Amino acid sequence: MGQDSSRDQISGGEPAKPAVAPIRPTDDGARLLARGLLRSARSGALATLSPDGHPAASLVSLATDSDGTPLILISALSGHTGNLQADPRASLLLASGGKGDPLAHPRITLKLRARQILRETAEGERIRRRFLARQPKAALYADFGDFSFFALQIEGASLNGGFGRAYELAPADLMSQAAHVAALAPIEDGAVAHMNEDHADAVRLYATVLLKARDGAWRVTGLDPDGLDLALGDSALRLPFPESIGDSASLRRALAALARQARDDAAGPG
């Protein structure tokens, strides 16, 4: 008989229970939650490394590129810009927030490597467009000479979905499929304009019925293989697709199916 078993019998207690692993296996629910936090965030706490090696945290406005890469627009006058130029390693905390204990709500910390974006390139134009679609007030200073866009390449992530729900995620758990991104990115502008100009009623139902948001003139601000970005004033929503979309025909079918679902839900039973 082992020493631990003898101790349990002498003390009259139950055998010790095996320790519970603090990190859960990553599943589709965790991936969906993590992608939702990333795609819907409009701001986050960015931590960079100061010249003395001390972490420095600051609040930044956010958008995402077509594949889910976080995007920021920062001034050369800000300390974090110089920090990233000297050492591109950074982390970003995103939290959903809500009533009650803040630690009961989902949040994610991203491990990142920053890359400054050249403006006069196709990539630079796309990133500018996507950022301003999510952060329209940034148009007041986006083209100032001392401001630059940075893409924050994801190298890993820690997701906390609430008490007892911790996960470690790889980049593939958060990013959209590359082939699908390449297929949809060229048609994004036209598809967004078409939805807002010709299907404003469906967009409103997406927000108010499927996402339970307040009524109003909701607009599509962006789309990607995994979902739609919606906005009304300073409010932003994320409507995920049931599955990744890889071509224009699949996109049309998915949008039509969501519109039918929203109309059926709005009509109620019978």
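R129 is partly exposed, with a relative accessible area of 27% (buried means under 20%, exposed over 50%, partly exposed in between, with a 1.4 Å probe and protein chains only). This is a predicted model, in which local features need pLDDT of at least 70 and side-chain atom pairs count only at pLDDT 80 or more, while totals for chains, interfaces and linings use all residues. Residues are numbered from 1 along each chain as its sequence is written, and side-chain values use heavy atoms, with hydrogens and water left out.

R129 forms a salt bridge with E188, the closest N and O atoms being 3.4 Å apart (a salt bridge is a side-chain nitrogen of Lys or Arg within 4 Å of a carboxyl oxygen of Asp or Glu). E188 lies in helix α7 (residues 188–198) and R129 in helix α4, so the pair ties together parts that are 59 residues apart in sequence. Helices (H or I, at least four residues) and strands (E, at least two) are DSSP runs, numbered from the N terminus. E188 counts as buried, at 2% relative accessibility.

## Other salt bridges

The structure holds 20 salt bridges. In one of them, the side chains of R39 and D224 meet at 3.3 Å, N to O. R39 is in helix α2 and D224 in strand β9 (residues 219–224), so this pair ties together parts that are 185 residues apart in sequence. R39 counts as buried at 3% relative accessibility, and D224 counts as buried at 1%. A network of salt bridges links R39, R129, R130, R134, E188, D189, D224, D229 and R238.

K137 and D234 also meet through their side chains in a salt bridge (3.8 Å, N to O). This pair links distant parts of the chain, with K137 in the loop between α4 and β7 and D234 in the loop between β10 (227–232) and β11, 97 residues apart. K137 is exposed, with a relative accessible area of 58%.

## Strand β7 and its partners

β7 is mostly covered, with 10 of its 14 residues buried. Strands pair if DSSP finds at least two bridges between them. β7 pairs in the antiparallel sense with strand β4 (residues 70–75) over five bridges, where L71 stands opposite A151 of β7. With strand β6 (residues 107–116), β7 pairs in the antiparallel sense over 10 bridges; G156 in β7 is the bridge partner of K111.

Four bridges join β7 to strand β8 (residues 166–169), and the two run antiparallel. L169 in β8 is the bridge partner of A157. The hairpin of β7 and β8 has five residues between the strands, and G162 takes a positive phi near 125 degrees there.

## Largest pocket

The largest pocket has a volume of about 610 Å³. On a 1 Å grid over the protein atoms alone, a pocket is an open set of points where a 1.4 Å probe fits, with protein on both sides within 12 Å along at least five of seven lines; lining residues have an atom within 4 Å of a point. The volume is the space filled by probe spheres set on the points, which are joined across faces, edges and corners.

The lining of the largest pocket has 28 residues, of which L32, R35, G36, R238 and P240 lie nearest its centre. α2 (28–40), β5 (89–95) and β11 (235–240) each supply at least two lining residues. The largest share, nine residues, comes from α2.
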